[in-house]
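Reader: Please show me the model. I want to know where each label comes from.

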Amino acid sequence: MLNAIEQKEGKVFILDQSKLPHEVDLIECKSWMDVAWCIRELKIRGAPAIGIAAAMGVALGAQSARAGSVESLSRALEPVCEGLLSTRPTAVNIKWAVDRMRARLASLGHESVGGARETLWREARSILEEDIKINRTIGQWGAQFIKDGDVVLTHCNAGALATGGYGTATAAIFVATEQGKKIHVIVDETRPVLQGARLTAFEMKEAGIPMTLITDNSAGALMRRGEIDLAIVGTDRTTRNGDVANKIGTYTVAVLCKEHGLPFYVAAPLSSIDFSMASGSMIPIEERDPEEVASLAGRRIAPYGVNARNMAFDVTPAKYVTAIITELGVFKPGELRKLAPRKTERTKKAKTSPGGKKRNRPGRS
Ligand code: MRU
């Protein structure tokens with residue numbers, strides 16, 4: 001499987017996802033501004049992946065920042081951090097990663113500037129490596145909800161390409177497959193920029209998992225015919241009450257699941273959970289260029305001069321969410337508060353492995 005982002009010999013390479021699946025092109029990022037451009041232009045996308053990219057952007061910024069001390073490096077990096085934070089507003093992972101880089105720098109006592117640059121470079125790599133491990137754990141927790149023979153609907157791309165590797169929603173699919181379950185994946189094409197058709201379909205094909213691509217407006221009809229068993233998606237920001245922001249159209253899928261009595265699962269690493277926000281109404285929703293809606297794969301479809309609106313994300317209220325699958329276990333939306341940072345250590349001790357207690361295993365709704 002292709003990697004969304006890599007750090008090599010002082011450079012950052014980003015796979016240009018806007019060209020997938022037909023062209024594989026790596027963009028060499030020489031500065032944090034190159035990274036910010038890649039995030040804004042969806043060369044790299046998916047909440048965990050853009051968080052990792054932001055961390056690498058900070059590390060790149062540190063390489064070129066003029067500073068005589070760790071303190072002045074920290075000051076010099078603030079515009080870099082702000083620049084990266086301004087790229088895309090909805091995914092909380094960017095803030096999570098930038099804050100972690102800031103905290104790492106702040107933790108350095110009397111280190112040399114060179115040493116601090118090295119530390120930031122390594123911290124960005126750790127964020128990537130940890131993300132892959134977290135995703136595998138999410139996959140192990142999530143696979144229990146997929147039975148042999150199930151047909152699983154997913155929306156957008158919460159796959160390897162959206163993360164450091166393995167994906168979040170797709171991790172459950174990959175682990176279920178590794179467990180020998182025969183599953184079939186229904187992939188929403190995901191207008192306007194077709195992350196489902198271009199990226200999830202590509203990943204499923206690469207992994208040899210049987211799949212069917214559908215238009216976004218087909219899911220209800222398939223559910224009504226009994227041809228879908230469950231839905232699983234990723235998230236860009238989930239608030240502490242369990243409201244879930246994800247790619248536009250996710251809310252529709254969740255409401256359809258409720259109507260048809262199907263479970264709707266959200267795979268969410270802790271880096272995508274915003275404990276500072278009480279509910280989804282506080283989440284900033286990115287509005288992108290209307291041209292993406294008026295066009296299809298770069299070709300103008302709608303007449304010139306018509307209005308178009310391009311909300312990139314929507315918020316699914318917690319009441320539609322069956323369970324949220326994190327690296328620490330599976331939680332009902334109302335239980336997420338338990339994971340808020342000051343309680344995280346205690347929760348970690350209580351639940352250490354995916355094979356553990358049943359308490360955090362909500363069944364089908
Ligand atoms: O606009 P995108 O492609 O960045 O949107 C991505 C999604 O909505 C994903 O579902 C989400 O980031 C979760 S990725 C594990």
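Reader: What joins strand β4 to strand β7?

Author: 2 bridges join β4 (residues 151–154) to β7 (residues 230–233). Two strands pair if DSSP finds at least two bridges between them, so β4 and β7 pair. They run parallel. Leu-153 has Ala-231 in β7 as its bridge partner.

Reader: What should I know about the model itself?

Author: This is a predicted model: local features need pLDDT of at least 70, side-chain atom pairs count only at pLDDT 80 or more, and totals for chains, interfaces and linings use all residues. Residues are numbered from 1 along each chain as its sequence is written, and side-chain values use heavy atoms, without hydrogens and water.

Reader: Which sheet has 7 strands, and in what order?

Author: An open sheet with mixed pairing runs β6-β5-β4-β7-β10-β15-β16. The strand numbers count from the N terminus (strands are DSSP runs of E, at least two residues; helices are H or I, at least four).

Reader: What does helix α6 touch?

Author: Helix α6 (residues 169–178) packs on the sheet and touches β4, β5 (184–188), β7 and β10 (264–267). Contact means heavy atoms within 4.5 Å. The direction of α6 makes about 125 degrees with that of β7. Angles run from 0 to 180 degrees between N-to-C directions. Helix α7 (residues 195–207) packs on this sheet too, touching β4, β5 and β6.

Reader: Which strands form the antiparallel sheet?

Author: The open sheet has 3 strands, in the order β1-β2-β3. β2 (residues 11–15) and β3 are joined by 4 bridges and run antiparallel. Phe-13 stands opposite Glu-28 in β3. Helix α2 (residues 47–64) packs on the sheet and touches β1, β2 and β3. Helix α5 (residues 113–142) also packs there, touching β1 and β2.

Reader: Why are α1 and α3 called roughly parallel?

Author: Helix α1 (residues 32–40) and helix α3 (residues 70–85) pack at an angle of about 15 degrees, with axes 9 Å apart. Angles under 35 degrees count as roughly parallel, over 145 as roughly antiparallel, 65 to 115 as roughly perpendicular and the rest as oblique. Therefore α1 and α3 are roughly parallel.

Reader: Which residues of α1 and α3 meet?

Author: Trp-32, Val-35, Ala-36, Ile-39 and Arg-40 in α1 meet Pro-79, Val-80, Gly-83 and Leu-84 in α3. That contact has 7 nonpolar, 1 polar and 1 charged residues. Ala, Val, Leu, Ile, Met, Phe, Trp, Tyr, Cys and Pro count as nonpolar; Asp, Glu, Lys and Arg as charged; the others, Gly among them, as polar.

Reader: What makes α3 roughly antiparallel to α4?

Author: The axes of α3 and helix α4 (residues 93–106) cross at roughly 175 degrees and come within 10 Å. That angle makes α3 roughly antiparallel to α4. Among the residues that meet are Leu-73 and Leu-77 in α3, and Val-98 and Leu-105 in α4. The contact of α3 with α4 holds 9 nonpolar, 1 polar and 4 charged residues.

Reader: Where do the domains lie?

Author: The assignment gives domain 1 (5–134) and domain 2 (144–342). Such bounds come from an automatic or database domain assignment. The centres of domain 1 and domain 2, taken over C-alpha atoms, are 25 Å apart. Between the two, 24 residues of domain 1 are in contact with 30 residues of domain 2.
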